Amino acid sequence: MRSIDYESELNPEQLEAVEHELGPALVIAGAGSGKTRILVYRLARLMEKGIAPENILLLTFTRKAASTMLERARELTGRDAGGVVGGTFHAFAYSMLRRYVSRTPYRNGISVMDRADTQALINMLLKEAFPSLPKGFPRPQALASLFGRVKSFGQAPEEALKRFYPHLSGFHGEILSLLERYDSYKVSQGLADYDDLLVHWRDLLATEKEVAEQVADRFQFVMVDEYQDTNAVQADMISLMCSPHRNVMAVGDDAQSIYSFRGADFRNIVDFPRLFPGAKVITLVRNYRATQPILDCTNAIIACAKEKFSKELLAQRKGGRPPIVYFARDEEDQAGFVTARIADALGAGFRPEDIAVLFRASFHSFRLESCLQRAGIAFVKRGGMRLLEAAHVKDLLSFLRLLANPWDKLGWHRLLTLLDGVGPKTASRIADQVCAEDDPLRALAEYPSKARWAASVRELGGALDNAAGSASLPAAFDGAMAWYHPFLVDRFPLDHPRRRQELEQLAAIAGRYQDLETFLTDMALEPPENGQEEQSGAVTLSTVHSAKGLEWKIVFIISMCEGRFPPSPRGREEADMEEERRLFYVATTRVMDQLFLVVPESVSVPGGGAIPVSPSRFFEEIPPHLLTAWAGDNRSFASGKPSRRSVPPQPGQTGGGPSSGLTPGQRVRHPIFGPGVVAQVLSSKKVKVAFDCGGVKTLHLDYARLSRL
DNA sequence: TTTTAGATGCTTTTT
DNA sequence: GCATCTAAAA
């Protein structure tokens, strides 16, 4: 076994956190300050001190984070850390609920619903309650997120409604009764949505003293990662599980709280010392990831946050270059710029894995994706539409789900409506009839009807019945594929080969499972990341949310304009802007060496066409001298020619163009660097400007949007 | 009455 | 691209 020299491998603050043994502790770990390192080393240290792995609980944001940390702890100590229970709050709560299922409202098993199921169920109940939706009543999607919000608030639903949805006050009664029906339906059908897993476990801990004691006894040391993204129910859960021994260490960064839309409240982290009086608070600000010019910028961004634990990151690395800003004419130009710079970097010896492009919302990268494809640059995309949410995957999973639970009306509905001539009405009728039987699968196979769709209905029943009898999960999967394939081709004439491939990927994943139930649960709780995730030789494209906790040498943040990042402020509150700022902070703290901020001057709108947009408001929060404007050519990668930029002169601005008429001494304003004076005219396209904020910049008039003062 | 096709609208972010 | 809405066809 290797002995670890903690003093030399950790800085003093890290060491303090790692050596912490008993009692509550809160570690405020700034971005890049070695947060994972602390958790891993502390895990190792606890085991070294003789704590049994079984007595340690590690709650993380993704299962992957947990398994990575366990693996690293194992490498560090040479001991098996496999006894440590680690995973997401949801997965942990689910496993506990299963253990104590007899004490829960659920009689038999619990199956986990994913978002699509949740949506479908709400839709069904909504239609039952209101055959036609009252005017102004929230739509199914809005209702689903409302329910989630209300339940993760952790208090009486009425209170949550009053607090978060005052504008719906006219419907509160209806919403509450719908919520009640939704909850009781799930219990009666053995279903649980994400929030139910947390809420039921919390309730069990709160009401059954014996359970709480047993759990506290089992998990004597609890570590919580990403504490800033916990919601009220999760905080309750921690408090209930840890109150006997108080050996809980929460690690997080209030500045990186970006999940309030699903009930996370960064005040949890601020309140931790109050929840656990006497908690040791350790703050880590030494940043090992980036260089000071980058951190000056990120510090400036987060300094504008209204509520936070104040801290400034300090670079431990020397040198470095400030972020580079590029103004793109439109999204095509933006894509071309990023592609060209990526090609440059690859040419300069960077590996594709060193590079990432980040954006606020998944669809922002569409243009870039096709541009990269044309350029022959491989990429993987994280975040956005999950494999599981694609229609064809849902179809196939519905088939499998019916094998596990033949009374799953939602599954029936989905499959039956695929059949020619069967719409929602017919599907519901058949589902109701079949579900009343002891063996719904067989009942469908023998479904008596003379309608023109009767044969295809019986065929579906036969396929299901057949697959149900198959020996293994892969065999059942094959059965599902055999039945589904004709529908796949019919429904997706354009891209069914691609979709088929995805289904085969899914089949490969399913092949690793013994048991159908486990497979389905895992799919809901920890969906596979888009296919071959850690694929080497590929640049990463990612939403900012999915980039949390990761780092790259070169990072591009694209679509840095109003309406994209932040998204249109329509009906949004200041609190949302605070979260947007934190999100921007998360994005900028992913970078190690070079950060590019790309600002399109126009973006395309759904109907086709483009509208002009202004740079993101967050630029106003960064002192201009901390940024550099891109001064090189933008070679359009596809054509190999410099892209010709003809920016139409905008009101109050000098257009690009040779006759910009700027002369030394002229006062100008730059959207980012602010006011300044022209120091020297280098060519018809280039001028040197001395900015009032200090700093002389050479600006390319095609790129810089200078306005005369 | 039910189904379907065709148009429209609308897109944060995720366990 | 997807889900929902609307108007025409079975």
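Helices and strands here are DSSP runs, numbered from the N terminus. Keep that in mind for S559, found in the loop between β15 and α26. The model is predicted.

**Stop 1: the whole chain**

Select chain A. It holds 26 helices and 24 strands. Of its 709 residues, 53% count as buried. Now colour the surface by atom type. The accessible surface comes to about 30,500 Å². Carbon and sulfur atoms own 51% of that surface. Then think about contacts in chain A with a separation of 6 or more: residues 24 or more positions apart account for 74% of them.

**Stop 2: a sheet of six strands**

Select β3, β2, β6, β7, β1 and β8. That is their order across an open sheet, and the pairing is parallel. Which strands stand at the edges? They are β3 (85-88) and β8 (280-284), and each pairs on one side only. Look along the sheet: neighbouring strands are turned by 15° against each other on average, direction ignored.

Zoom in on β1, residues 25-29, and β7, residues 248-252. The two run parallel, joined by four bridges. Pick A25 in the viewer. Opposite this residue stands M249 in β7.

**Stop 3**

Step back to R246. This residue sits in the loop between α12 (232-242) and β7. Check its backbone: phi is positive, about 60°, although R246 is not a glycine.

**Stop 4: a sheet of seven strands**

Clear the view and select β13, β14, β12, β15, β16, β11 and β19. They form an open sheet in that order, with parallel pairing. At the edges stand β13 (379-382) and β19 (628-629). Each has a single partner strand, so one side of each is left without a neighbour in the sheet.

Focus on β15 and β16 (residues 591-600). Five bridges pair them in the parallel sense. Select W552 to see one pairing: its bridge partner in β16 is V591.

Now show helix α15, residues 331-347. This helix packs on the sheet and touches β11 (324-328), β12 (355-359), β14 (539-543), β15 and β16. Its direction makes about 155° with that of β16.

**Stop 5**

Follow the chain out of β15 (552-557) towards α26 (574-588). The loop between them holds P566. Select F565 together with P566. The peptide bond from F565 to P566 is cis, with omega near 5°.

The loop between β15 and α26 also contains S559. Its phi is positive, about 55°, although S559 is not a glycine. How accessible is S559? Its relative accessible area is 0%, so S559 is buried.

**Stop 6: beside the DNA**

Finish at DNA strand C. Which residues are around it? They are N123, R139, K394, D495 and R499. Show their side chains and colour them by class. The surface near DNA strand C has four charged residues, one polar and no nonpolar.

Note on methods:
Residues are numbered from 1 along each chain as its sequence is written. Chains are lettered from A and ligands numbered from 1 in the order in which they are written. This is a predicted model: local features need pLDDT of at least 70, side-chain atom pairs count only at pLDDT 80 or more; totals for chains, interfaces and linings use all residues. Side-chain values use heavy atoms; hydrogens and water are left out. A residue is near a molecule or strand if one of its heavy atoms lies within 4 Å of it. Ala, Val, Leu, Ile, Met, Phe, Trp, Tyr, Cys and Pro count as nonpolar, Asp, Glu, Lys and Arg as charged, and the others, Gly among them, as polar. Two strands pair if DSSP finds at least two bridges between them. Axes are lines fitted to C-alpha atoms, for helices over the stretch in contact, and angles run from 0 to 180 degrees between N-to-C directions. Buried means under 20% relative accessible area, exposed over 50%, partly exposed in between (1.4 Å probe, protein chains only). Contact means heavy atoms within 4.5 Å. Accessible areas come from the Shrake-Rupley method with a 1.4 Å probe; for residues, only the protein chains shown count as cover.
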